[in-house]
Structures are given as C-alpha cells and as structure tokens.
Amino acid sequence: MTVSVQTLWSTVRRRRLGRSTAQLAETARPTIIPVPEIAPNDPLVAYLQSVAAAVDIEDLELDSPALRQMRDNGVQMVVPLVSQGELIGLLCLGPRLSQQEYSADDRTLLNNLAAQATPAVRVAQLVRQQEAEAQERERIEHELQVARLIQHTLLPKTLPELSGWQLAAYYQPAREVGGDFYDFIELSDNRLGIVVGDVTDKGVPAALVMATTRSLMRAAGQQLDSPGAVLERVNEALYPDIPENMFVTCLYAVLDTATGQLRYANAGHDLPYRRHGTEAIELRATGMPLGLLPGMAYEEKETVLEPGDSLLLYSDGLVEAHNQDGDMFGFPRTRELIGGFVDTAGTLIDFLLTELSQFTGSGWEQEDDITLVTISCSAAHRSAWLQSESEGQVSDRDPLAAFTVSSVPGNERIVMDRVAEAAAGLDLPETTLEQLKTAVAEATMNAMEHGNHYQEDMPVAVEVLHAADDLIVRITDQGEPYIPENPEIPDLDAKLAGLQSPRGWGLFLIQNMVDEMNVTNDDSGHTIELIVHLKGETHGSPV
Amino acid sequence: MPQPQLATNVRKVTDDIAVLDIEGELTAFADKTLTDAYTLATDDGARVIILNFDNLQYMNSSGIGLLVTLLVRVNRTKQRLLTCGLSDHYKTIFELTRLNEAIGTYETEADAIQAAQS
C-alpha cells in the first residue's frame with residue numbers, strides 16, 4: 001500500500017536572536033515555505049503514523065531525506081494527521097513568533113487541532129479524488145467515442161460484389177475499442193486485395209495507427225503486386241512514425257477472382273484458414289508485425305480456392321475469448337468447427353458466433369474486438385473457369401444455379417426441383433424436362449451414396465449452366481470415382497432369372513434420359529455432367 | 001430432410017383380383033409398404049395384382065428395383081402383375097427398361113380389370 005502524504009501548510013519564522021526590533025518586525029512575519037514531498041517509504045512516515053502526536057523534529061534520529069529537508073527549511077515541530085492508521089497530512093511549524101519554546105499546552109492544543117482537522121482533511125481529499133476519477137472516466141469515455149468513430153468511419157461500408165464469390169464480414173468492437181481492422185482493395189485484372197489487421201493497444205492511439213496502416217496498405221496494394229512486398233513497404237513507412245511499444249499484426253492476401261489463386265503474406269497475424277471439404281487448412285506464412293523493426297522481409301505463399309472452398313480471416317478476439325472456467329476458445333476448436341461446418345445451415349460467420357456464444361455463456365463481457373471475414377468460391381464460378389481454362393478461351397457459359405445439398409437420402413428430390421426451377425426459363429419440352437429431372441435425381445443419388453457414402457457432412461455440389469445450345473448440369477461429390485469402366489448393362493430377363501440384382505438401373509437411366517453424360521475427376525471431386533441439347537436433334541423416347 | 005412417403009391401399013375387385021393404389025413416392029423407402037400390401041392382397045387370395053399409379057408422384061431406379069423384385073415373386077407364385085395410370089414419363093421408363101414387356105400396362109383401372117378377367 002502506498003502512503004500519500006500531503007503537507008498542508010507551514011509557518012516558519014527564522015530564529016534571529018539579538019537582532020533589532022525593526023529587524024525582528026521584518027523577519028517575524030509569518031512565511032509560507034514549500035515543504036518537500038515525502039516518499040512513501042521514508043522512515044518518517046512510519047514513525048509519524050505510530051506516534052500520531054506533535055513531534056519536535058530536533059529530537060528525531062531518523063535516516064530520512066524528508067526530515068533533513070524540513071530541518072533545512074526551518075521546520076521545528078510537526079503534527080501528523082493520521083486517519084484510520086494512515087498518514088494523510090502534516091502540520092509543519094517553525095519556531096514560535098514569541099521565540100519561546102513550544103509549551104506542553106501548545107502541544108495539547110496542536111494535537112486537538114490535528115484531531116479535529118484530520119476528518120475534515122480526509123473528506124476534502126476523498127471529494128477531490130472522486131472528482132478527479134469522474135473527470136478521468138469522462139475523458140476515457142470521450143476518447144472511446146472518438147476511437148469508435150475513427151474505426152467506424154474507416155471500415156468498409158459495403159462489401160465488393162464479385163461474380164462467383166461471396167464475401168462476408170463481421171466486426172464487433174469490445175467496450176474498450178481495440179485496434180482491429182479489415183479492408184478490401186479492388187485491384188486491376190479482376191484481383192482483390194484483402195487486409196485483416198490488429199493494432200496493439202486500445203483507444204485513440206490504436207485507432208490512429210489503424211487509420212495510418214490502412215492508408216499505407218491501400219497505397220502499397222495499388223502499386224505493388226506482391227503481398228510480401230506490400231507488407232515490406234508498409235513496415236518501412238510505419239516504423240519511424242509508430243509510437244514506441246505499439247505494432248500492427250496484419251494479413252494481406254490478393255485473390256485472383258478469375259482463377260481462385262490466392263497469394264498471401266503475413267505480418268505476425270493469426271493464420272487464416274482455408275476450408276476445403278471437411279478440412280480446415282492453416283495458411284502459414286512468416287513475418288514480423290509491422291512497425292517493430294526496419295528492414296523486415298515477408299514470406300509469400302500461394303494457394304487456390306476451389307469450388308465450395310471458403311477462406312476465413314479473423315482476429316484474436318475470437319480465439320482468445322475465455323469462458324467462465326477460464327478456458328480459451330482456442331485454435332484447435334476453431335479449426336475443428338470450420339472443418340465440421342455444413343453450409344446448408346447458414347453462414348460460417350453465424351455458425352462461429354453461435355458456437356462462441358455457447359462457449360462463453362450468457363453475461364460474457366467481450367474482452368477484445370472480434371473481426372471475421374470470409375470469402376467463398378461458388379461452385380458455378382469454378383466450373384466456368386475450368387471450362388475456359390480447358391478450352392483456352394473465355395467461357396460463354398451462363399450459370400443458372402449453383403448450390404450444395406448434404407448427403408442425406410431423399411435430398412435428390414431437392415436437387416431435382418431446384419434444377420427444374422433453374423431451367424424454367426429455357427422452355428424445355430415437358431418430356432425433356434421430366435427426363436432431365438430423373439437423370440438429375442439418379443446422378444445425385446449416386447453421388448450421395450457411392451461418392452459420399454451418405455456421410456451427412458459431405459456435400460454434393462450442383463451447378464446448372466446454360467451454354468449456347470446446351471443445358472448442362474454438373475453434379476459433384478467428394479469421393480473417389482465409382483463408375484466402373486464397363487458398367488453392367490441391366491437386363492430385365494437376367495434380373496427375373498436371378499442372374500442380375502433387381503437393382504442397378506441408375507446409370508442406365510441417366511444415360512438414356514439425357515443427350516450426353518460425361519464423367520470427370522479432379523482434385524475437387526468426382527463430377528457427372530449431364531447435357532441436354534436445346535436445338536437441332538431433340539432427345540426422343542429411347543425405345 | 002424430406003420424408004419419402006408411400007401410402008398403399010388394397011382393394012379387392014373380385015375374388016382373385018386386387019388393386020393396390022400406389023400413392024406418393026416409389027423409392028427405396030417404399031420397400032416394406034409395398035411388400036406388406038402385396039402380402040395382404042395375396043393372403044386374401046388375389047391371383048392378379050393391379051398396381052394403380054394414378055397418384056404416383058415420383059419413382060426412381062430403386063423403385064424400379066422394387067418392381068423387379070415384386071415381379072420375381074409374382075412369377076414364382078404364378079400370379080399376374082398389371083399396372084394402370086402411368087404417366088407418359090414413366091411409360092417411357094417402362095419401355096426403356098422393358099418392364100412393359102413383363103408387366104401389362106393399361107391406361108385405366110377398368111382397362112386393367114378387363115384384361116385381368118380375360
């Protein structure tokens with residue numbers, strides 16, 4: 001415990017024996033002199049607290065800097081003001097104006113005075129302290145408002161709209177606004193720069209550094225293609241100006257929206273996750289936070305976001321949230337949740353926030369800002385790209401629909417209906433539409449059963465595309481190829497004779513219900529492509 | 001998840017002719033319902049089973065598999081299996097799978113009953 005000692009006043013008249021009356025009159029005027037601050041660990045404090053009565057300092061033998069200074073200043077008598085065992089002030093007196101010694105009565109009078117003054121002084125001190133605290137609170141609240149305003153002004157108001165990509169962002173400041181920020185930089189050649197950062201410290205200083213970093217990132221991002229070079233330049237610019245003990249963690253990625261290629265570099269920020277199927281892959285690149293040291297280099301890495309993939313960028317407010325038992329939300333949990341997320345049930349951000357609120361329980365006060373940014377690659381987009389890549393030209397395919405369903409028996413009905421809905425504008429003859437629906441249902445059942453083995457969390461991705469003369473439906477599962485090279489052709493006589501299973505009609509139906517059926521495999525899964533020719537030779541009844 | 005539904009209603013037309021109304025979806029989920037209806041009709045002495053597809057909403061390859069299984073049983077017990085009320089789309093599928101050669105298909109229930117009595 002620290003002891004605060006306040007010296008109230010002191011009246012000192014220097015002892016000048018043998019001087020003239022005039023001199024006396026001149027020098028006998030009360031003089032107020034400065035009395036030194038007394039350090040809390042000065043032995044004088046402990047001593048005065050223990051005696052709690054008027055003390056002649058000539059008699060004291062203490063190794064006390066304050067005592068020495070008082071003597072030098074001509075103090076002769078001190079009367080401690082002690083409230084609840086704590087020294088809260090001192091009455092310091094010089095020699096009596098009469099030049100007589102302090103009498104026993106004087107001491108009694110002084111002690112009585114001290115006893116009465118102490119509570120009044122204590123009350124005055126408490127009032128002053130409360131006023132100071134209230135002012136400080138008001139100042140902090142005002143500062144927080146300014147910080148919130150800065151942050152609110154600089155975060156993106158809208159998300160970029162990109163064909164084939166879904167962007168989502170969530171930002172929730174803690175009560176004491178932290179230094180989280182995110183930004184999107186629209187670049188040339190269909191590229192998008194994505195920034196997520198966190199400034200150490202809170203309040204206005206953090207908000208100002210955040211604003212600076214954001215501007216520097218925007219400028220460097222426009223000028224330089226390489227994410228590593230961008231971070232390097234921002235670090236060089238930030239380092240001389242950033243207040244001491246502050247730095248910025250920052251992840252910068254550049255997405256090629258045409259190909260899904262993602263280049264990224266990381267200045268000490270939490271590693272982003274790429275969600276691929278049921279996996280959450282950490283995207284690791286090393287680099288020091290911005291503004292710590294000059295001359296830093298930043299490792300640059302690359303990945304590709306495939307159809308159905310999502311990228312999650314976030315701040316430590318999520319992973320470092322604690323529950324009432326003091327457990328941390330943590331990276332392993334985050335990673336597991338991302339892998340287990342099924343996107344038929346809302347967005348990844350909503351899902352993570354629901355999990356977080358279940359983890360922390362009610363009445364949780366958010367410890368730090370929480371920022372979540374996701375970028376998802378839709379299946380249709382990817383297909384168009386694959387097509388243009390394989391043909392070496394820009395695709396003229398027009399995506400009509402893209403969606404996923406979980407591998408649950410019966411879900412083929414959903415796919416059937418949604419494909420029919422997507423194709424509604426093409427005015428297909430009733431017969432053709434019915435046959436397409438059957439083919440779609442059969443292909444979906446195969447994908448759910450033979451591809452994904454009816455594992456609920458493994459989605460089947462469906463795309464409906466309209467090319468010039470074709471309607472194309474692509475149905476992709478996550479499994480290994482299951483269609484044999486020479487599938488058995490079902491034969492009713494053989495089945496009735498027990499030579500073939502009564503089942504096994506699916507592939508046969510698909511092949512006969514559409515004009516073309518193609519099977520492709522790539523690292524994103526196994527795809528059955530169904531094609532219906534819209535013009536020329538129509539697909540008739542295959543009798 | 002949608003719950004595939006099949007309801008069957010067994011109607012005795014004559015002593016040896018029973019009509020099974022197939023209402024809803026003929027998929028793998030329909031196995032027990034279809035088998036139970038067939039057993040009920042057979043236990044009641046039906047020699048001709050007419051499947052009425054007037055209210056069929058959806059049939060897939062698994063449903064076709066069930067019909068093949070049913071046909072095997074019917075052949076074994078020397079019963080006859082007829083159908084009526086198939087939509088054009090499912091008629092096409094019957095032709096494609098040649099089920100129409102093994103199962104008599106008729107437009108209306110009356111046509112089927114008449115054929116059963118002949």
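Two strands are taken to pair if DSSP finds at least two bridges between them, and the strands themselves (E, at least two residues), like the helices (H or I, at least four residues), are DSSP runs numbered from the N terminus. The structure is a predicted model, in which local features need pLDDT of at least 70 and side-chain atom pairs count only at pLDDT 80 or more, whereas totals for chains, interfaces and linings use all residues. Residues are numbered from 1 along each chain as its sequence is written, and chains are lettered from A and ligands numbered from 1 in the order in which they are written.

In chain A, strand β4 (residues 77-83) is joined to β5 by 7 bridges, and the two run antiparallel. A:M77 has A:L93 of β5(A) as its bridge partner, and the hairpin formed by β4(A) and β5(A) has 2 residues between the strands, with A:Q84 in the turn showing a positive phi of about 50°. Strand β5 (residues 86-93) of chain A is mostly covered, since 6 of its 8 residues are buried (a residue is buried if 20 or more other C-beta atoms, placed from the backbone, lie within 10 Å of its own).

Further along chain A, 5 strands form an open sheet with antiparallel pairing, in the order β16-β17-β18-β20-β19. Strands β16 (398-406) and β19 (516-522) of chain A stand at the edges with a single partner strand each, so one side of each is left without a neighbour in the sheet. From one strand to the next the twist averages 15°. Helix α11 (residues 412-422) of chain A packs on this sheet, touching β16, β17 and β18 of chain A, and its direction makes about 165° with that of β16(A); contact requires C-beta atoms, placed from the backbone, within 7 Å, and angles, from 0 to 180 degrees, are taken between N-to-C directions of axes fitted to C-alpha atoms, for helices over the stretch in contact. Helix α12 (residues 430-451) of chain A lies across β17, β18 and β20 (525-533) of chain A, at about 175° to β20(A).

The largest nonpolar core holds 73 residues, of which A:V419, A:A439, A:V440, A:L530, B:L20, B:I49 and B:I50 touch the most other members; such a core is a set of buried Ala, Val, Leu, Ile, Met, Phe, Trp, Tyr and Cys residues joined through C-beta atoms within 7 Å. Helix α12(A) gives the largest share of this core, 8 residues.

Definitions and conventions: Contact = placed C-beta atoms within 7 Å. Buried ≥ 20, exposed ≤ 12 C-beta atoms within 10 Å, placed from the backbone.
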